[in-house]
Protein chains: 2
Amino acid sequence: MEESQGGKLLGFWVSPYVIRVKWALKLKGVEHEYIEEDVFNKSPLLLKLNPVHGQVPVLVHDGKPISESIVILEYIDQVWKQNPLLPQDPFGRAKARFWAKFAAEKLQEYAWKALCSRGEEHERAVKSSIEALENMEEELNGKKYFGGDKIGFVDLVAGFISYQLPVYEEIACMKILDSSKFPAITKWIDSFRNHPLIEQELPPKDKMLAYFSKRRNEILLVENQTSSRK
Amino acid sequence: MEESQGGKLLGFWVSPYVIRVKWALKLKGVEHEYIEEDVFNKSPLLLKLNPVHGQVPVLVHDGKPISESIVILEYIDQVWKQNPLLPQDPFGRAKARFWAKFAAEKLQEYAWKALCSRGEEHERAVKSSIEALENMEEELNGKKYFGGDKIGFVDLVAGFISYQLPVYEEIACMKILDSSKFPAITKWIDSFRNHPLIEQELPPKDKMLAYFSKRRNEILLVENQTSSRK
């Protein structure tokens, strides 16, 4: 069978790393074949295409595999020029890369830690998440999207804020996204989630609640066992 | 005073993040003004130019600050086209970005953890460092540099392997870089370190030994105090 224009994407329904790639392909209007992976029982295909990490997403284009969601976004933006994700000027690109890295490595990691921890560690992670969100609020302020008038690179990477963070908050009974404290982010969430191409790829909330509750319990259980062995 | 062609670089003598930027500017033949920061007593200038992280390196070019070493390398490569760091084709760029991320986020973090930990945690970090190096050995095999015949993006990011990792090994009495296990990396270290533009920016080994021994002791002391309070 011939490869479709945008190749094959190996993914997992709830992975924010996969969803940002799906969004990018949608925004570019690039057709692709989607293959759902069971990340708890990885296929030989996934392990062959991403032998280093064995993780989704993997985009296979022109027969060649590309891994790491942010690397894939850069690739997509270079190969399909329509609806650019990154600005063209070097400083604009540097700014976008800086904030994408910040969203992925600071906010996303702290929020995940806040979901999957207890006690002091949890408190610290909630505090760090709020501080990271303060930085993003300041960066966004006055713009519709991080990229300006249109959804761009940073919006796609930070997109988890709009649909996963509220799920984490509900499960762990914590408040990070206080709308009175984060008016720009709150407005951005509304515009972003309701964009027709973004909305199409949002996983159902009830399924996310069930999935992340289970993951959290598993992680907390392993941690309890580890610390009780000490 | 007029800004020099390559702008101003705020750095710290032993930071591998700064050194990779210095190398990139050297390879491009771009003159710049270098400002040494005291990272333990940050200047108002640094905090103004990088308010989010307050970290070096910061490159100020055309009056605008750029932070995060890998973001700076991308910027340099776009602004000064001579001696390209990244390949031009999208797949080659994706591969280089993947391995740069891997070197920076896996090997570098594990090696630092191996330096600054004890007991089981140290053993695990040494094992992870060796596994990460195995991946890099396989990627490099058959090439002079990660970028091919010339030093490129991945070489600059992975460059710490050639001059900091041996220092970590000596201080923590550990062996990660076994030359019989890593013949390609061993040969690469030799070519890379002896490249005249790379060599110029290597900090003196005795100063690195003193600096990292002190840092390690400080970090281990804080961890001891934290765990004894539990």
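Mentor: A residue counts as buried when its relative accessible area is under 20%. The structure above is a predicted model, and that cut-off can be applied to it directly.

Trainee: Is Ser69(B) buried or exposed?

Mentor: Ser69(B) has a relative accessible area of 5%, so it is buried. This serine belongs to helix α3 of chain B, which covers residues 69-79. Beyond its neighbours within four places in sequence, Ser69(B) is in contact with Tyr17(B), Arg20(B), Val21(B) and Pro57(B).

Trainee: What is the form of the peptide bond from Val56(B) to Pro57(B)?

Mentor: As a general idea, most peptide bonds are trans. The bond from Val56(B) to Pro57(B) is cis, its omega being near 0°. Pro57(B) sits in the loop between α2 (44-49) and β3 (58-61) of chain B. In chain A, the bond from Val56(A) to Pro57(A) is likewise cis, with omega near 0°, and Pro57(A) is placed in the loop between α2 (44-49) and β3 (58-61) of that chain.

Trainee: How is helix packing described, and at what angle do α4 and α8 of chain A pack?

Mentor: Two packed helices are described by the angle between their axes and the distance between the axes. Helix α4 (residues 90-115) and helix α8 (residues 165-172) of chain A pack at about 25°, with axes 9 Å apart. The two helices are therefore roughly parallel, and their crossing is left-handed. Helix α4(A) contributes Ala111(A), Trp112(A), Ala114(A) and Leu115(A), while α8(A) contributes Leu165(A), Tyr168(A), Ile171(A) and Ala172(A). Of these contact residues, eight are nonpolar, with no polar and no charged ones.

Trainee: Which rotation superposes chain A on chain B?

Mentor: A rotation of 180°, with 0.0 Å of shift along its axis, superposes chain A on chain B at an RMSD of 0.0 Å. The two copies are thus related as by a two-fold rotation axis. Within chain A, Glu105(A) has the C-alpha nearest the axis, at 5.3 Å.

Terms used
Residues are numbered from 1 along each chain as its sequence is written. Chains are lettered from A and ligands numbered from 1 in the order in which they are written. This is a predicted model: local features need pLDDT of at least 70, side-chain atom pairs count only at pLDDT 80 or more; totals for chains, interfaces and linings use all residues. Side-chain values use heavy atoms; hydrogens and water are left out. Axes are lines fitted to C-alpha atoms, for helices over the stretch in contact, and angles run from 0 to 180 degrees between N-to-C directions. Helices (H or I, at least four residues) and strands (E, at least two) are DSSP runs, numbered from the N terminus. Angles under 35 degrees count as roughly parallel, over 145 as roughly antiparallel, 65 to 115 as roughly perpendicular and the rest as oblique. A crossing is left-handed if the near helix is turned anticlockwise from the far one by less than a right angle, and right-handed if clockwise. Contact means heavy atoms within 4.5 Å. Ala, Val, Leu, Ile, Met, Phe, Trp, Tyr, Cys and Pro count as nonpolar, Asp, Glu, Lys and Arg as charged, and the others, Gly among them, as polar. Copies are superposed by least squares on the C-alpha atoms of residues with pLDDT of at least 70 in both. Buried means under 20% relative accessible area, exposed over 50%, partly exposed in between (1.4 Å probe, protein chains only).
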